[in-house]
Every structure is written in structure tokens, then in C-alpha cells.
Amino acid sequence: MTDTIRFEDIQANEPDTDALASAYDALLAEVTAATDADAAAALVDRWDGLRREWSTWSAMAGLRFRQDTTDAEAKATRERADALAPVVKEHNTRVKLALLEHPLRPQLEERIGAHAFSLWEADVAAFKPEIADLLVKESALDSEYVSLLSDARVSVRGEEYNLSELGKLTTSADRELRHEANLARSQWVLESAGELDRIYDELVKTRHEMATTLGYENYIELGYKLMQRVDYDQADVESWRQEVLELVVPLATELHARQREVLGLETLYAWDEPVHSLEGNPAPAGDHDWMVERAIEMFDDLGHGMGEFFRDMATKGYIDLKARQGKAGGGFCTSFPSVGMPYVFANFNGTKGDVIVFTHEMGHAFQNFSASDKIVDYQWPTYEAAEIHSMSLEFLTWPQMDRFFEGSEAERYRQIHLIEGLLFLPYGVAVDHFQHLVYARPEATPAERLEMWREVEALYMPWRNWGDLDFGAQGRRWQLQGHIFSVPFYYIDYTLAQSVALQFWLKAEADFDGAMNDYVALCKRGGESSFQELVRSAGLMPPFQRGCLSDVITRSRDALELD
Ligand code: ZN
């Protein structure tokens with residue numbers, strides 16, 4: 001037994017606005033007056049403590065709301081947290097500015113690393129008190145979107161489902177059932193189209209106004225600052241999208257042609273794409289509790305303290321994995337920095353997706369836990385680097401999959417995981433390309449945005465045939481992609497990280513222990529360096545280097561028996 005605090009015992013006190021202001025005022029005065037490096041470093045620690053307390057409370061508010069979006073008290077708390085966030089941001093911005101301009105900056109950089117200062121430079125360029133009201137408006141719109149989707153109920157064959165639960169039907173081996181489930185989802189999107197269009201339109205306009213208020217031409221550059229992208233730019237991202245277009249789209253087209261043959265279909269429609277063989281996708285051989293047991297064995301076997309860590313999460317209340325009514329969709333990992341523990345939220349529905357979401361989010365959790373002694377800025381890396389830990393763990397746990405799937409199902413799981421990992425790249429860059437089009441023309445109408453989506457879909461997913469799914473044919477698929485509403489430009493990150501995760505897969509095949517050592521070392525580094533530096537430190541190639549996918553594509557063709 002470790003001495004890790006139980007989740008229910010975490011003290012997360014709602015901050016008092018005045019007390020917070022005094023604490024920051026006092027801190028700021030001392031930072032400004034500091035004349036020796038020891039004193040300044042101690043003040044950075046004090047600031048770190050304030051930020052840990054705040055992060056714990058606001059993470060708790062966000063989590064409680066997503067656990068039950070119908071709970072009025074949780075909703076009100078989340079709204080107070082949303083309203084307070086820009087205030088806290090303003091306090092932190094003042095401290096960051098003071099540190100950036102401090103005469104002791106070189107000495108502080110020596111102690112905590114120059115990367116924190118680069119991150120703060122991006123942060124201060126993305127905020128002024130003048131946009132505080134716009135930020136509150138943005139999070140209110142985001143809450144509206146989250147509620148709209150989590151309240152959604154669709155009926156298939158007389159049963160009611162929420163959108164997460166529907167995932168089990170849309171990936172069913174029964175083609176007719178898949179089609180009906182997709183039609184129901186399409187119908188829901190069409191009925192909600194007015195709301196979805198309005199919320200997104202207001203979000204785009206609100207964000208554009210923030211950008212122009214801060215002196216940017218449009219939201220794109222601001223979006224990059226908000227994502228703290230300090231070592232690459234729009235041109236690098238464009239070159240990566242091009243690499244995917246040239247190398248992965250042809251492979252993906254080939255894979256879909258083969259899938260059509262394997263499924264014995266004349267036409268492969270959008271609702272057929274999630275299924276890779278006539279018997280359907282492999283499903284885990286047990287329920288939720290059984291899977292948690294298997295996961296304990298898996299992490300014990302992987303070593304490096306992962307077993308002990310996961311036991312703590314499972315037995316002390318740091319996981320919430322089952323889908324239920326009123327619970328927000330999706331899966332994520334959040335953390336409570338004041339106690340140094342992460343939390344995994346998911347919506348298990350009995351499909352192989354449960355295993356993927358689980359290994360993915362546990363990768364985030366293990367990384368965060370491994371770096372929890374660092375300053376807040378380094379506990380999580382920037383998003384694209386953070387996804388390396390999660391997506392790589394999906395591949396590093398391949399040899400463990402025989403625990404979750406029976407017999408030859410484990411091998412089928414690995415094949416499909418690889419296929420879907422590759423097929424994800426065109427979709428991921430399409431989401432990114434779409435957002436660049438949207439924010440470059442904020443005045444576009446909702447109908448023009450649908451046209452933009454159809455354009456990128458035709459470019460990166462030329463095989464896509466929506467058949468009678470009108471929401472897809474209209475160009476509305478993206479409206480179910482929460483990131484596009486909630487965290488703009490947070491999507492290319494998954495594809496950038498996937499390029500690194502695929503390299504980890506190759507490495508693990510050649511030398512598993514070496515790959516695990518590199519993985520754990522990377523987790524411990526947290527976010528102390530920028531994306532490309534972290535990738536290079538693990539001996540891997542950043543995706544902006546042309547040719548980074550060559551070996552991966554060659555090995556994938558071989559593994560998937562394509563000639
Ligand atoms: Zn992730």
C-alpha cells in the first residue's frame with residue numbers, strides 16, 4: 001500500500017477572489033523586489049504552490065461537471081470556475097511578465113530551464129485583460145456544445161442511446177444495424193444543425209475578436225500561441241500535412257479497397273469503414289471490472305513502477321471508465337497537482353475502443369505522475385508531445401493484448417489497431433486543414449464552412465462515400481468532433497504524436513526493453529523541453545523532417561501484407 005491520498009479525500013477549496021488577489025499582489029511585489037537568485041527561486045516555488053491549488057480545484061470542477069452534466073450544483077461550480085479562470089490567468093500573466101523581464105532571468109533559466117520562459121512568452125502574447133470577457137463567453141459556448149452532445153438521445157430498434165453508447169452499434173458486425181445506428185446519428189445531427197451551426201459561428205467570431213483585440217490578423221497565429229507551439233510554425237505543419245497526403249493517403253485508399261473486398265461489398269460506405277472483417281471487430285473478453293484486473297497484471301508485467309501506480313489509481317478512486325446517462329462523452333486524463341495524482345475518465349462501451357482509450361489515457365496518467373514533482377509548467381508537455389506518451393503506450397502494450405482478447409483475436413486487434421492508426425492520419429490532418437480554412441475566413445457563413453469540410457474530406461479521404469447519411473453528405477462530420485469546438489487547433493497534435501508512436505512501435509519490435517527505457521525516460525522528462533527536442537531526446541525523428549514516415553510505411557505494408 002502506498003500513502004497516496006484517496007480521491008474522495010482531496011481538499012479542493014474554492015478560491016476566494018479577494019484572497020487570491022492579495023496573495024498574487026504580495027507575491028508580485030516580492031518577485032519584482034528580489035535581488036538574489038535563491039530568493040527569486042523560492043518565490044517561483046511559492047507561485048507554483050498557488051498554481052497547484054488552483055489547478056486542483058478547477059480540474060475538480062471540470063471533472064464533476066463532466067461526470068454528471070445534469071447536476072445543477074456541479075454545473076454552477078464549473079461556471080464559477082470558468083468565470084474565475086481569466087482572473088487567475090491575469091494574475092499569472094503578471095507574474096510571467098515580471099519573470100520574463102527580471103534582471104535575474106538568466107539565473108532563473110539556469111535553475112528551471114529556458115523552456116518555461118519560452119512557454120510564458122507564448123502565454124503573455126495570447127492574453128490581455130481586454131479579452132477576459134471574450135474568454136468567459138467562449139467557455140459558456142463550449143459548455144453549451146458539451147451539454148448539447150451529452151444530452152443527445154437517439155433511438156435505434158426501440159432502444160435509447162447517448163452518442164457514446166451508440167459507438168457499440170456503429171462498429172457492429174451487423175451491417176444493417178450499423179447503417180440504422182448511423183442513420184439515427186445523422187438524423188440527430190440534422191435536427192441539431194441549427195444549434196451546432198450557431199454555437200460554432202459564435203465561437204469562431206468570438207475567437208476572431210480575441211485575436212484582433214490582441215493585434216493579430218486572425219485567430220490562427222493566436223491559436224498556435226495558445227497551444228504553446230514554440231518550436232514550429234504553420235509552414236512546418238503544412239509540410240507535415242503534405243507528407244501525409246503523399247505517403248499515407250495512397251496507402252489508406254489501398255486499405256479501403258482491400259477492406260471492401262474482405263467485407264464482400266460492392267460499395268464501401270462510411271458506415272462500413274469501422275469494421276475490418278465479416279465477423280466484426282475483436283471485443284475484450286470481459287466486462288469493465290475484469291478489464292481493470294487484466295490491466296493490473298499488464299502494468300505489473302511492464303514494470304518501471306507502472307503496476308503500483310495503476311493499483312493506486314484503481315483502488316483509490318482515480319478512474320471513472322463506464323458510460324452512463326448524463327455523463328459527458330469522450331475520454332481524457334486530468335490531474336490534481338496539489339496531490340500529484342492524475343485521473344482517467346472514459347466511456348467504456350464493450351468494444352475494442354475501450355482497450356485503446358484505456359491504454360491511451362493511462363499513458364497520459366503515467367507521464368503526469370512521473371513528472372509530478374516538476375513545476376506546473378513541466379508536469380504536462382505541450383499537447384503534441386503529451387500525445388506521444390499516450391499513443392506510444394498503445395503500441396508498447398501490443399504484446400500484452402493476449403490478456404484482453406481471446407486466442408487469435410489479440411492478433412486481429414493488433415492488425416486493426418495499426419490500420420486505424422494509419423487511417424487516422426488523413427482524418428487528423430483534414431481536421432487541422434479545415435480549421436486553418438475556417439479561421440482564415442471568420443466571416444464565412446455556416447454553409448460555406450460545410451463546403452470547406454467537403455473540400456478537405458475530398459482531398460484527404462477520397463474513398464469516403466456517405467450514401468444516404470445526409471449529415472455526412474452535407475459536410476457535417478466535423479460537428480461531432482469536440483476538439484474543433486472546445487480547443488481549436490488541438491488535433492494535428494494527435495497526428496504529430498502518432499508519427500512518433502509509430503516509430504516507438506518499430507523500435508519496440510527491434511529492442512523492447514530499450515524502447516521501454518526510452519519511453520519511461522521520456523515520461524519523466526515531462527514537458528521540460530519543446531516538442532522536437534523531446535522527440536530527438538528519445539532518439540526519434542520529428543515529423544517535420546521529410547521522410548520521417550518512410551520506415552514506418554515500409555514496415556506497415558509488410559505487417560499488413562500489402563505488396
Ligand atoms: Zn490523449
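A residue counts as buried when its relative accessible area is under 20%. The model examined here is predicted. By that cut-off Asp320 is buried, because its relative accessible area is 10%. Its salt-bridge partner is Lys327, and the closest N and O atoms of the two are 2.8 Å apart. Lys327 has a relative accessible area of 2%, so this residue is buried as well.

Side chains of opposite charge can pair when their charged atoms come close. The structure holds 51 salt bridges. One of them joins Arg175 and Asp272, with 2.7 Å between the closest N and O atoms. Arg175 belongs to helix 8 (residues 175-213), whereas Asp272 sits in the loop between helix 10 and helix 11 (288-302). The pair therefore ties together parts that lie 97 residues apart in sequence. The two partners can also be described by their accessibility. Arg175 is partly exposed, at 32% relative accessibility. Asp272 is buried, with a relative accessible area of 0%.

A further salt bridge is formed by the side chains of Arg464 and Glu457, at 3.8 Å from N to O. Glu457 has a relative accessible area of 6% and is therefore buried. Salt bridges can also share partners. Asp48, Arg51, Arg52 and Asp377 are joined in this way into one network.

The charged end of Arg229 sits over the Tyr224 ring, 4.7 Å from its centre.

Aromatic rings also meet each other. A pair of aromatic rings is described by the distance of the centres and the angle of the planes. The structure holds 42 aromatic pairs. In one of them, the ring centres of Phe7 and Phe336 are 5.7 Å apart and the planes stand at 45 degrees, so the pair is tilted. This pair links distant parts of the chain. Phe7 lies in the segment before helix 1 (17-33), and Phe336 lies in strand 4 (residues 332-336). The two are 329 residues apart. Phe7 is buried, because its relative accessibility is 9%. Phe336 is buried too, with a relative accessible area of 0%.

Phe405 and Tyr413 form a stacked pair. Their centres are 4.7 Å apart, and the angle between the planes is 25 degrees. One cluster is formed by Tyr145, Tyr200, Tyr383, Phe424, Tyr427, Phe434, Trp453, Trp478, Phe485, Tyr490, Tyr491 and Tyr494.

Empty space was examined next. Rolling a probe the size of a water molecule over the atoms shows where empty space is left. The second largest pocket has a volume of about 230 Å³. Its lining includes Leu255, Arg258, Gln259 and Val262. His276 and Ser277 also line this pocket. Arg412, Gln415, Ile416, Ile419 and Leu423 are likewise among the lining residues. Helix 10 (234-262) and helix 16 (409-440) each supply at least two residues of this lining. The largest share, five residues, comes from helix 16. By class, the lining of the second largest pocket has five nonpolar, four polar and two charged residues.

Methods. Residues numbered from 1 in each chain as written. Predicted model: local features only at pLDDT ≥ 70, side-chain atom pairs only at ≥ 80, totals over all residues. Heavy atoms only, no water. Phe/Tyr/Trp six-rings, centres within 6.5 Å; stacked < 30°, edge-to-face > 60°. Helix = DSSP H or I, 4+ residues; strand = E, 2+ residues; numbered from the N terminus. Buried < 20%, exposed > 50% of the residue type's maximum accessible area, 1.4 Å probe, protein only. Lys NZ or Arg CZ within 6 Å of the ring centre and 35° of its normal. 1 Å grid on protein atoms, 1.4 Å probe; cavity = no way out; pocket = protein on both sides within 12 Å on 5 of 7 lines; lining within 4 Å. Points joined across faces, edges and corners; volume = space filled by probe spheres on them. Nonpolar A, V, L, I, M, F, W, Y, C, P; charged D, E, K, R; others polar. Salt bridge = Lys/Arg side-chain N within 4 Å of Asp/Glu carboxyl O.
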